[in-house]
Amino acid sequence: MSQTAAISRNPATGEEIARYPFQDGAALEHSLQRVHSGFQHWRDTPLAARAEALRRMARALREQAEELARCGSSEMGMPISQARAEVAKCAALCDWYAEHGPAMLAEEPTSVEEDRARIAYLPLGAVLAVMPWNFPFWQVMRGAVPIILGGNSYLLKHAPNVMGCATLLARVWHASGLPDGVFELLNVTPDLVSRAIADPRIAAVAVTGSVGAGAAIAAQAGAALKKCVLELGGSDPFIVLADADLDEAVKAAVVGRFQNNGQICIAAKRIILEAPIAADFTRRFVAAVAALKIGDPQDAATYLGPMARADLRDELHGQVCATLEEGAELLLGGQPLAGPGNYYAPTVLGGVRPGMTSFRREVFGPVASLIEARDAEHAIELANDSEFGLGGSLWSADVEQAQRLARRIVSGAVFINGYAASDSRVPIGGVKKSGFGRELSHFGLREFLNVQMVWRDRR
C-alpha cells in the first residue's frame with residue numbers, strides 16, 4: 001500500500017511527531033494557480049518593496065528563531081546549537097540580498113554606441129523547488145530569497161520527513177507580509193511533482209538532493225524545455241600537504257566532516273594526506289573525533305546527534321562494511337549505537353584507496369575516509385578521481401602553491417586553509433555529477449531571470 005502522508009519522526013527517539021496528508025490533484029491545481037497569480041502581481045511590485053519584504057523576513061526569522069531551531073533539531077536531529085546557527089544564517093541571507101540585490105538587478109549598459117542597447121534582468125515566473133531535509137531552512141532560503149527578490153514566485157516541495165519545518169517556514173514568510181501566492185508550500189507524491197513540472201504555469205525548477213533524484217527531475221524539466229538548477233551529491237577532497245599547519249587542519253577536518261552529523265553535501269568526505277604527515281595527522285584526527293560529544297540534539301552541549309532516518313543509517317553502515325571488506329582499516333567507530341534513535345558512532349576509515357566504496361560513492365553521515373598521497377601531484381590526481389565535483393579544501397603553508405593547485409581541482413569551489421561552507425557573497429554549485437547552475441551571490445540571483453537585451457532603433 002502506498003504511503004498516504006508525509007511522516008515526521010524524531011530521529012533521536014524514533015517516535016512519530018506528526019503526519020501531513022499528501023495533497024491530491026485538486027490541491028495541486030490550487031497551488032499552481034496561486035503561484036501563477038502571485039507572480040503576476042509580484043513581478044510588477046517595485047524592487048525596493050521586494051527588498052523591504054526580505055528585511056521583514058529577516059526580522060521574522062530572528063523573532064521565531066528558537067521555535068524554528070527546535071523544530072529542525074526535532075525533525076532531522078541537527079544539534080540545537082547548529083540549528084540556531086542555521087536560522088541566523090538564513091536571516092543574514094535576507095539582509096544581504098535586501099542590501100546588495102537591487103544593484104545586481106539594475107539595468108546595465110553595453111558597449112553598443114550611444115547607449116542604444118541595454119540589458120534588463122526580468123523574472124521568469126513561478127519556480128518549483130524540490131528541496132532536501134539536511135538543512136531544512138537554509139537549503140530552501142538560499143534559493144528562495146534570490147528567486148523572490150528577482151520577481152518570481154516560489155513553490156516549495158520539501159522532503160517528507162521535515163514537513164513540520166516546511167510548514168513553519170511558510171508560516172513565517174506569510175507572517176512577514178509577503179503577498180499570497182509568492183511563497184507556497186506543496187506536499188505531494190512524485191507523480192504530482194512530475195505533473196507540476198510539466199504544467200505551463202511552472203517556469204523553471206530548482207533541485208537540491210541526490211544524483212538520482214536530480215537526474216530524474218532534470219529529464220522531466222528538459223522534456224518540458226524548462227530551465228533547472230541542480231545541486232546534487234558530493235565527495236569533496238580535503239587535501240593536507242606536508243607543510244600544512246596540522247593543528248588547524250585537524251580542527252577544520254573534524255568540523256568539515258562531522259558537523260550536522262556528517263549529513264552535508266559540501267563536506268570533507270575524502271581526507272587526502274601527503275605521506276610525510278599522514279601518520280601524525282591520523283593520530284591527532286582520530287583522537288579529536290573520539291572526543292566528540294554524542295547525545296540528545298536538543299542539548300546545547302551535544303556536537304553529534306542521530307542521523308535523520310533509520311534507512312539512511314542502514315545505508316551508511318552498509319558502505320562502511322563494504323569499504324572494510326575491500327581492505328580499509330577501521331580506526332574508530334564503525335557501527336550503529338545501541339538504544340533508541342538513529343545514532344551511528346563517529347567513524348574513521350584508514351587506508352582507503354581508489355575503487356573502494358567510501359572513495360567512489362558519496363558517504364552521507366559521520367564517517368571520514370583517510371587516503372594517503374605520495375606527493376602534491378598525487379593528491380590532486382586522487383582528488384579528481386571522482387564522479388563528483390562540488391567542493392574541496394587544500395591545506396598548505398605555501399599559499400601561492402595552493403592557489404595554483406586549487407585551479408587544477410575539478411570542482412565548483414575550493415577552500416584554501418579552510419573547510420568548505422556556503423556564504424551569501426559567493427556562488428555554490430558543482431560540476432560533473434554534482435549538478436549544474438549556481439546558487440547565492442549575483443550568479444544565483446540571475447539563474448532564474450530572463451537576461452533581456454533591448455536595442456533601440458539601429459538606423
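This is a predicted model: local features need pLDDT of at least 70, side-chain atom pairs count only at pLDDT 80 or more; totals for chains, interfaces and linings use all residues.

Reader: How many helices and strands does the protein have?

Author: Helices (H or I, at least four residues) and strands (E, at least two) are DSSP runs, numbered from the N terminus. Here there are 15 helices and 20 strands. The radius of gyration, taken over C-alpha atoms, is compared with a globule rule of 2.2 Å times the number of residues to the power 0.38. The protein has a radius of 23 Å, close to the 23 Å that the rule gives for 459 residues, so it is as compact as a globular protein of that length. Its C-alpha trace spans about 70 × 60 × 40 Å along the principal axes.

Reader: What share of the residues count as buried?

Author: Buried means under 20% relative accessible area, with a 1.4 Å probe and protein chains only. By that rule, 56% of the 459 residues are buried.

Reader: Now, how do I read a pocket?

Author: Rolling a probe the size of a water molecule over the atoms shows where empty space is left. On a 1 Å grid over the protein atoms alone, a pocket is an open set of points where a 1.4 Å probe fits, with protein on both sides within 12 Å along at least five of seven lines; lining residues have an atom within 4 Å of a point. Grid points are joined across faces, edges and corners, and a volume is the space filled by probe spheres set on the points. The largest pocket here has about 990 Å³.

Reader: Which residues lie nearest the centre of the largest pocket?

Author: They are W133, G209, S210, A213 and R309, out of 38 lining residues. Helix 8 gives the largest share of this lining, five residues. The lining divides into 22 nonpolar, ten polar and six charged residues.

Reader: What is the volume of the second largest pocket?

Author: About 360 Å³. Its lining has 21 residues, with K89, F135, Q259, I264 and S422 closest to the centre. Helix 4 (80-104) and helix 5 (138-149) each supply at least two of the lining residues, and helix 4 gives the most, with four.

Definitions and conventions. Residues are numbered from 1 along each chain as its sequence is written. Side-chain values use heavy atoms; hydrogens and water are left out. Ala, Val, Leu, Ile, Met, Phe, Trp, Tyr, Cys and Pro count as nonpolar, Asp, Glu, Lys and Arg as charged, and the others, Gly among them, as polar. Buried means under 20% relative accessible area, exposed over 50%, partly exposed in between (1.4 Å probe, protein chains only).
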